[in-house]
Amino acid sequence: ADICFTSTTVPKMLVNIQTQSKVISYSGCITQMYFFLLFGELDNFLLAVMPYDRFVAICHPLHYMVIMNHLLCMVLVFVSWIVSTLHALLQSLMVLQLSFCTDFKIPHFFCELNQVAQLSCSENFFNDLVMHFAPVLLAAASLAGIIYSYSKIVSSVHAISSAQGKYKAFSTCASHLSVVFFFYGTGLGVYIGSATTHSSHSSATASVMYTVV
């Protein structure tokens, strides 16, 4: 998911730098936007599923193999794929309904949803509501799931009497927590920063850094 997420934008950016051409077709722009949203949301959902696995392993270790069976793992991944696909398709179809008066320039290194929507000539409150509300809702739901799982993990670990046992339990979550911090922390930093600054160049530069990291 991470490799595909980055591959939707970075190779095109590198080609543009090499050829000194900053052109992308309308169909190419919509396609790039679709796959960017698809793999971005897939990352988001998989990060929400992973702490549930850690929660079961730490809080119910004797029943881990029964609860986290192969079928459940397949269902969780399948649901993540389905919801991500539907969300990306919905957003792409919303953009297709927008009309653009003339050839437009995006002050970004890829076809970012908000940047494209801002250049539209058509006024559609429902489109704007869905485009802005749906990603926030999905990200908030995933983040809430992560926080809930870790709150249960922390309360369970505190019940462990030995310090070595607590360290061992927390160490299994370290890699996931670091990824969550990079994914959500830097993402919030980029988008909050782009909302407060009026420099499109600074916003694009921050987004490049976020995508690469």
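Analyst: Let's start with aromatic pairs: rings of Phe, Tyr and Trp (its six-membered ring) pair if their centres lie within 6.5 Å, and planes under 30 degrees apart count as stacked, over 60 as edge-to-face and the rest as tilted. Y34, F35, F39 and W81 form one aromatic cluster here, and the count by this rule comes to eight aromatic pairs.

User: What makes F181 and F182 an edge-to-face pair?

Analyst: Their centres are 5.9 Å apart and their planes are at 65 degrees, which is over 60, so the pair is edge-to-face. F181 counts as exposed because its relative accessibility is 57%, and F182, at 45%, is partly exposed.

User: Where do these values come from?

Analyst: This is a predicted model, where local features need pLDDT of at least 70, side-chain atom pairs count only at pLDDT 80 or more, and totals for chains, interfaces and linings use all residues. Residues are numbered from 1 along each chain as its sequence is written, and side-chain values use heavy atoms, with hydrogens and water left out.

User: How do you know that C29 and C111 form a disulfide?

Analyst: A disulfide is a pair of cysteine sulfur atoms within 2.5 Å. The sulfurs of C29 and C111 are 2.1 Å apart, and a search of the whole structure finds one disulfide. The link is left-handed, with -130 degrees about the S-S bond. This pair links distant parts of the chain, 82 residues apart: C29 is in helix α3 (residues 26–59), and C111 is in the loop between α5 and α6 (113–118).

User: What about C4 and C59?

Analyst: C4 is in no disulfide, since the nearest cysteine sulfur, that of C111, is 18 Å away. C4 is partly exposed, at 35% relative accessibility. C59 is in no disulfide either, with the nearest cysteine sulfur, that of C173, 9.1 Å away.

User: Which residues form a nonpolar patch on the surface?

Analyst: They are L71, V75, F78, V79, I82, V83 and L86, with about 630 Å² of accessible area together. One of them, I82, lies in helix α5 (residues 70–96), and I82 is partly exposed because its relative accessible area is 37%.

User: Which residues does UniProt list as transmembrane region?

Analyst: The unreviewed UniProt entry lists residues 64–90, 129–148 and 169–192. Over residues 64–90 the chain is 93% helix and 0% strand, with end C-alpha atoms 36 Å apart. Residues 129–148 are 100% helix and 0% strand, and there the end C-alpha atoms are 28 Å apart.

Note on methods:
Patches are made of residues with over 30% relative accessible area and no salt bridge: like charges are joined within 9 Å, nonpolar side chains (Val, Leu, Ile, Met, Phe, Trp, Tyr) within 5 Å. Accessible areas come from the Shrake-Rupley method with a 1.4 Å probe; for residues, only the protein chains shown count as cover. A salt bridge is a side-chain nitrogen of Lys or Arg within 4 Å of a carboxyl oxygen of Asp or Glu. Helices (H or I, at least four residues) and strands (E, at least two) are DSSP runs, numbered from the N terminus. Buried means under 20% relative accessible area, exposed over 50%, partly exposed in between (1.4 Å probe, protein chains only). UniProt positions are given in the numbering used here, feature names are shortened, and annotations may be inferred rather than shown by experiment.
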